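I opened a new page for this one. These are my notes, in the order I looked things up.

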Amino acid sequence: MAIQKPSIPKGTRDFSPVEMARRNYLFDTIKSVFRRYGFAPLETPSMENLSTLLGKYGDEGDKLLFKVLNSGNFLRGIDPEEMQSAVESDNPVVLGNKICEKGLRYDLTVPFARYVVQHQNELTFPFKRYQIQPVWRADRPQKGRYREFYQCDVDVIGTRSLLNEVELIQIVQDVFAALRIRVTLKINNRKILYGISETIGHADKMMDITMAIDKLDKIGLEAVNAELADRGLSPEAIDRLQPILSLSGTNREKLAAITAIIGEHSATGMKGIEEVTTILDYIDALEVTLPVELDLSLARGLNYYTGAIFEVKAMDFPMGSICGGGRYDDLTGIFGLPDTSGVGISFGADRIYDVLLGLDLFPAETTQSVRALFVNFGAAEETAALRLLTQVRRAGIAAEIYPEAVKMKKQFDYAQKRGILYMVFVGESEIASRTATVKNIVTGQQENVPFDQLAEHLR
């Protein structure tokens with residue numbers, strides 16, 4: 001058999017023990033905040049039925065779904081002419097949907113909505129859950145963008161109370177304060193975006209407008225205007241949109257300005273303004289220190305958002321959005337449970353990891369998995385060393401013994417490369433005096449420690 005060069009699919013990654021230690025620190029930090037706010041853990045399958053996923057993310061999102069071929073002869077029943085037509089076409093989606101009934105999940109929110117409907121009789125509403133699992137998107141891999149990546153979601157469903165939006169903002173503040181990342185949270189409301197669409201005379205093109213203006217930070221105003229024209233907006237409508245996209249000032253000044261622009265044209269838009277105002281009032285009353293900015297170009301492309309929307313960016317590291325979410329009023333209605341509003345936010349673990357690494361914010365002790373290495377002197381001393389090692393482990397300290405009685409330099413090099421802080425010597429003289437010799441590898445300092453005090457010393 002020919003030797004095969006090992007590789008993994010583009011946009012996926014292996015995680016070394018050091019990387020996993022850092023990732024676990026990140027996950028544990030986020031989980032601790034989620035639990036503090038009363039959210040319970042949940043997991044859903046990696047695969048969902050395509051019928052569950054399709055149509056929830058817009059046309060662009062549907063194109064990025066990883067589909068799973070049906071088991072067995074997946075081509076059975078497919079008309080040869082239909083297959084040839086799909087091969088020659090640039091859009092073989094119809095054929096793909098016939099030979100694939102399942103897909104890898106695109107996000108955690110749609111599977112969560114499916115779960116809520118499927119288990120509604122077992123849940124207590126409002127239902128608060130957090131979920132930390134990988135998702136997959138058939139995207140073009142680039143810096144900060146992967147095909148397989150982890151999301152850390154927190155959602156509450158079964159209530160329309162804006163207190164939940166305020167709580168999510170507090171969670172964002174607490175998570176990034178714990179991680180020591182300075183961030184800015186941008187907020188908008190899809191009802192305001194609908195009001196803007198009504199005001200410029202294109203309520204029927206709200207999705208086209210939101211998808212275009214959501215790219216404002218990435219491609220600039222001129223390119224956004226060109227895309228709006230391509231999407232069928234008249235020059236007059238695009239002109240009327242310009243002062244809205246260029247609004248500046250404080251959050252309250254922006255609210256006053258957008259109220260003056262759309263107030264007579266859209267009751268829906270005014271409802272969105274009222275919701276944002278209420279959220280900002282709570283933030284002021286609670287003295288939230290997280291910078292919160294009203295950004296009327298923020299749209300978030302997912303189809304299911306209906307109210308407040310959020311996006312978080314790091315202030316000290318060049319990276320796209322590292323956290324985002326919003327209110328969805330009837331996502332469960334698609335699965336047969338109407339009028340059940342929810343709101344949630346998702347932390348992009350992989351991007352946050354890159355920010356932590358780039359800013360050197362991972363605590364040094366994060367990667368220290370083993371605290372002490374017991375030196376192996378040979379069969380005569382192994383039993384005494386193993387007894388002590390067992391006591392140390394029972395005291396909650398990670399420790400190990402080198403498996404072979406090799407030269408001391410080899411054991412020392414192993415400890416250094418593993419980042420182990422202490423070497424513990426239990427030789428003939430130590431056994432006789434019941435006192436271990438403990439060496440701090442970093443400082444070189446050695447101490448004699450009684451056996452019954454060793455665990456406390458290593459701690």
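**Ground rules.** This is a predicted model, so I kept in mind that local features need pLDDT of at least 70 and side-chain atom pairs count only at pLDDT 80 or more, while totals for chains, interfaces and linings use all residues. Residues are numbered from 1 along each chain as its sequence is written, and side-chain values use heavy atoms, with hydrogens and water left out.

**Whole chain.** I started with the secondary structure and found 18 helices and 16 strands. Here helices (H or I, at least four residues) and strands (E, at least two) are DSSP runs, numbered from the N terminus. The C-alpha trace spans about 90 × 65 × 50 Å along its principal axes. Of the 459 residues, 49% count as buried (buried is under 20% relative accessible area, exposed over 50%, partly exposed in between, with a 1.4 Å probe and protein chains only). I also looked up contacts, meaning heavy atoms within 4.5 Å. Among those between residues at least 6 apart in sequence, 69% join residues at least 24 apart.

**H8 and H9.** How do helices H8 and H9 pack? H8 (residues 190–199) and H9 (residues 206–213) pack at an angle of about 110°, and their axes are 10 Å apart. That makes the two helices roughly perpendicular, a label for angles of 65 to 115 degrees (under 35 is roughly parallel, over 145 roughly antiparallel, the rest oblique). The axes are lines fitted to C-alpha atoms, for helices over the stretch in contact, and angles run from 0 to 180 degrees between N-to-C directions. From H8, I noted Arg 190, Leu 193, Tyr 194 and Ser 197; they meet Met 206, Met 207, Ile 209, Thr 210 and Ile 213 of H9. By class, that contact has six nonpolar, two polar and one charged residues.

**H14.** Next I checked helix H14 (residues 349–358). Eight of its 10 residues are buried, so H14 is largely enclosed by the rest of the structure. The buried ones include Asp 350, Arg 351 and Asp 354. What covers them? Helix H1 (17–36), strand S6 (148–157), helix H7 (163–179), strand S9 (308–314) and strand S11 (342–348) are among the covering elements. Just after H14, I found Asp 360 with a positive phi of about 55°.

**Salt bridges.** How many salt bridges does the structure hold? I got 21, each being a side-chain nitrogen of Lys or Arg within 4 Å of a carboxyl oxygen of Asp or Glu.

- Arg 327 and Glu 165 meet at 2.9 Å, N to O. Arg 327 is in strand S10 (residues 323–328) and Glu 165 in helix H7, so the pair ties together parts that are 162 residues apart in sequence. Arg 327 is buried at 4% relative accessible area, and Glu 165 is buried at 1%.
- Asp 316 pairs with Arg 182, with the closest N and O atoms 2.8 Å apart. Asp 316 is partly exposed at 38%, and Arg 182 is partly exposed at 47%.
- Lys 191 pairs with Glu 275 at 3.2 Å between the closest N and O atoms. Lys 191 lies in H8 and Glu 275 in helix H13 (residues 267–285), so parts 84 residues apart in sequence are tied together.

Last entry: salt bridges that share partners join Asp 208, Lys 215, Glu 227 and Arg 231 into one network.

Notes. Ala, Val, Leu, Ile, Met, Phe, Trp, Tyr, Cys and Pro count as nonpolar, Asp, Glu, Lys and Arg as charged, and the others, Gly among them, as polar.
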